[in-house]
Amino acid sequence: MSVQSTIKRKTAPEIRARKGGQPVVMLTSYHAHTAALVDRHCDVILVGDSLGNVMHGFETTVPVTLEMMILQGRAVMRGSRRALVVVDMPFGSYEASKEQAFHSAVRILKETQCGAVKLEGGVRMAETVSFLTARGIPVMGHIGLTPQSINTLGSFRAQGREENSWEPIENEARAIADAGAFSLVIEAVAEPLARKITDAVAIPTIGIGASAACDGQVLVLEDMLGLSPQTPKFVRRYGNLGPAIEAAVEAYAGDVRSRAFPGPEHVYGMKKG
């Protein structure tokens, strides 16, 4: 008789049910080893297309491919056991049509076995979100600052800082919620607007540079660990691992050059005959 694991992975409906309750904790991960660490403390792990910036040194997320997302999604699934894993749909994999989005999302779910996908956009993506959710694909929305649209936005700047600009952003949020998304990331939006949206929609909002009034928060793991050379205003650094890693590498390089490493305890002797 087989022994089944007692650990049950969180699902999109469970996250949806957290609206107005205990805040949802979410971080990014792109590797099995960081996923294992994050998994112990987070409700949701996002395999974000920010891997283009963090892993590959791209200036934007635009060059990220579907294959890149699937590869790292597999790694995160292998490293985690309990968190809901959400994989970003990269630029160009879903915008052309709802059918294109469906085929891309199916590949992600089948090839990674993750629990949901995330896509950017509001009103223009509502029909696609509805199409996907009606066909069994849980979708997390993303409004406000949408990094995949950087070439039309012109720069990474906060949204909704003037009250007369609120209405379109509110409409984006309502459209995605009404289309059936189970949660909604709100990025770089003025705090009063993020609070208003959170009160207005029936699904959990996940803030990143938004408001503590959101139903949860997400950050890029490398940003909050101090591994990114530059971080946005909304990031709190919970660690400063960059200098610690460099100091360790410097010490290693010095020991190699002075032949202090490897020492006798690190080498293999001959077997006694």
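A pocket, as the word is used here, is an open set of grid points with protein on both sides within 12 Å along at least five of seven lines, and its lining residues have an atom within 4 Å of a point. With that in hand, let us walk through this structure, which is a predicted model.

**The largest pocket**

The largest pocket is lined by 41 residues. If you want to find its centre on screen, look for E187, I208, D223, P232 and F234, which lie nearest to that centre. Two or more lining residues come from each of helix 3 (51–54), strand 6 (183–187), strand 8 (216–219) and helix 10 (221–224). The volume of this pocket is about 1100 Å³. Sorted by class, its lining holds 20 nonpolar, ten polar and eleven charged residues.

Next come the packed helices. Two packed helices are described by the angle between their axes and the distance between the axes. The table gives both values for each pair.

| Helix pair | Axis distance | Crossing angle |
|---|---|---|
| Helix 2 (32–39) and helix 4 (66–79) | within 7 Å | roughly 45 degrees |
| Helix 4 and helix 5 (98–112) | within 9 Å | roughly 30 degrees |
| Helix 5 and helix 6 (126–134) | 9 Å | about 45 degrees |

Take helix 2 and helix 4 to begin with. Their axes cross at roughly 45 degrees, and the two helices are therefore oblique to each other. Helix 2 passes helix 4 in a right-handed crossing. On the helix 2 side the contact is made by A32, A35 and A36, and on the helix 4 side by A75, V76 and G79. Five of these contact residues are nonpolar, one is polar and none is charged.

Helix 4 also packs against helix 5, with axes that cross at roughly 30 degrees. Because angles under 35 degrees count as roughly parallel, helix 4 is roughly parallel to helix 5. This crossing, too, is right-handed. Here L66, E67, I70, G73, R74 and M77 of helix 4 meet S104, R107, I108, E111 and T112 of helix 5. The contact has four nonpolar, three polar and four charged residues.

Helix 5 in turn packs on helix 6 at an angle of about 45 degrees, which makes helix 5 oblique to helix 6. Helix 5 passes helix 6 in a right-handed crossing. From helix 5, the residues in contact are K98, E99, A101, F102 and A105, while helix 6 supplies E127, T128, F131 and L132. Their classes are five nonpolar, one polar and three charged.

**Two backbone details**

Finally, two spots in the backbone are worth a look. Most residues other than glycine have a negative phi, and most peptide bonds are trans. A188, a residue other than glycine, has a positive phi, near 50 degrees. You will find A188 in the loop between strand 6 and helix 9 (191–200). The other spot is the peptide bond joining F261 and P262, which is cis, with omega about 0 degrees. P262 belongs to the segment after helix 11 (241–257).

Technical notes. Residues numbered from 1 in each chain as written. Predicted model: local features only at pLDDT ≥ 70, side-chain atom pairs only at ≥ 80, totals over all residues. Heavy atoms only, no water. 1 Å grid on protein atoms, 1.4 Å probe; cavity = no way out; pocket = protein on both sides within 12 Å on 5 of 7 lines; lining within 4 Å. Points joined across faces, edges and corners; volume = space filled by probe spheres on them. Helix = DSSP H or I, 4+ residues; strand = E, 2+ residues; numbered from the N terminus. Nonpolar A, V, L, I, M, F, W, Y, C, P; charged D, E, K, R; others polar. Axes fitted to C-alpha atoms, helices over the stretch in contact; angles between N-to-C directions. Parallel < 35°, antiparallel > 145°, perpendicular 65-115°, else oblique. Left-handed = near helix turned anticlockwise from the far one by under 90°. Contact = heavy atoms within 4.5 Å.
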